[in-house]
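Here is a friendly walk through one protein model, written for someone who likes to look at side chains. Please keep the viewer open as you read.

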Amino acid sequence: MDQSTTVLDIDFGMSQLSGNKKLLFTLLGKFTDEYRSLDADIQALVAKGDFNEAYSLTHTLKGVTGNLGMFALHNASKPVESAFRNDKRIADEYPVFVSVLNETIAAVDTLIQEPAPSVAAPANGAVAEQARKQLMAALKASEFIAEEKLDEWLDALALPEDKRTAIVDAVDELDYEEAISELENS
């Protein structure tokens, strides 16, 4: 997969922080707190004609996203940053930028949300069926699936290693159609 379209590369983010997953998740939480209102903030600055501050916000976002492995947003911010700095206007690519921003924030929110308290597990067959339904629903909705959640569902399904690997690889590549196909044929 082309790294430039990766919404959130956890491995890269952890490599930037010497493998400290807790710190990465803390920084990701701060990212969503800081940038959740970015579109509204930029729109307000543009309405006031403050393109220098809009540039500054976008420039900072570009740096943060590059360091945390949010490559799609990092790349989407480049033409927006350039238009603010050089042309004192909103870039034609701005709607795409906002869409990628929202997608990135949603992916981070899904990843770092607290796991729901566990309820006593039903019999293995019921657990497997529930895991299959939840995984299929997530894939069909093209939702970001955290590695831990995917492992949990696949553990419950107890698939043969080749099927499990095929599904993990497809999800890693965001090829949800392939993952659905593998799951349906398991």
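The text below goes from the overall fold to ring pairs, salt bridges and surface charge.

## The model and its fold

This is a predicted model, in which local features need pLDDT of at least 70 and side-chain atom pairs count only at pLDDT 80 or more, while totals for chains, interfaces and linings use all residues. Residues are numbered from 1 along each chain as its sequence is written, and side-chain values use heavy atoms, with hydrogens and water left out.

The protein chain has ten helices and zero strands. Here helices (H or I, at least four residues) and strands (E, at least two) are DSSP runs, numbered from the N terminus. Written out from the N terminus, the order of elements is α-α-α-α-α-α-α-α-α-α. The C-alpha trace spans about 60 × 30 × 30 Å along its principal axes.

How much of the protein chain counts as buried? The share is 38% of the 186 residues. Buried means under 20% relative accessible area, exposed means over 50%, and partly exposed is in between (1.4 Å probe, protein chains only). The areas themselves come from the Shrake-Rupley method with a 1.4 Å probe, and for residues only the protein chains shown count as cover.

Val7 and Val108 are 101 residues apart in sequence and 9.2 Å apart in space, C-alpha to C-alpha. Val7 sits in the segment before helix 1 and is buried, with a relative accessible area of 9%. For Asp162 and Asp92, a sequence separation of 70 residues goes with 45 Å in space, again C-alpha to C-alpha. Asp162 belongs to helix 9 (residues 161-172) and counts as exposed at 57% relative accessibility.

## Aromatic pairs

A pair of aromatic rings is described by the distance of the centres and the angle of the planes. Rings of Phe, Tyr and Trp (its six-membered ring) pair if their centres lie within 6.5 Å; planes under 30 degrees apart count as stacked, over 60 as edge-to-face and the rest as tilted. The structure holds four such pairs.

One of them is formed by Phe12 and Phe71, which are edge-to-face at 4.9 Å centre to centre, with 65 degrees between the planes. Phe12 lies in helix 1 (residues 10-16) and Phe71 in helix 5 (residues 71-87), so this pair ties together parts that are 59 residues apart in sequence. Phe12 is partly exposed at 24% relative accessible area, whereas Phe71 is buried at 9%.

Phe31 and Tyr35 make another pair, with ring centres 5.2 Å apart and planes at 40 degrees, so the pair is tilted. These two residues are four apart in helix 2 (residues 21-35), which puts about one helical turn between them. Both Phe31 and Tyr35 are buried.

## Salt bridges

A salt bridge is a side-chain nitrogen of Lys or Arg within 4 Å of a carboxyl oxygen of Asp or Glu. The structure holds nine salt bridges, including these:

| Salt bridge | N to O distance |
|---|---|
| Glu152 and Lys149 | 3.0 Å |
| Arg164 and Asp151 | 3.5 Å |
| Asp155 and Arg164 | 2.8 Å |

Arg164 in helix 9 and Asp151 in helix 8 are 13 residues apart, and their pair links distant parts of the chain. Is Arg164 buried or exposed? Arg164 counts as buried, at 17% relative accessibility.

Glu152 and Lys149 are three residues apart in helix 8 (residues 147-157), about one helical turn. Glu152 is partly exposed at 45%, and Lys149 is partly exposed at 31%. Elsewhere, Asp87, Arg89 and Asp92 are linked in a network of salt bridges.

## A negative patch

Asp11, Glu147, Asp169, Asp172, Glu173, Asp175, Glu177 and Glu178 gather in a patch of negative charge on the surface. Helix 9 and helix 10 (176-184) are the elements that give two or more residues to this patch. Patches are made of residues with over 30% relative accessible area and no salt bridge, with like charges joined within 9 Å. Asp and Glu count as negative, and the place of a charge is taken as CG of Asp or CD of Glu. Asp172, in helix 9, is exposed with a relative accessible area of 52%.

Conventions. Patch = residues over 30% accessible without salt bridge, like charges linked within 9 Å, V, L, I, M, F, W, Y side chains within 5 Å.
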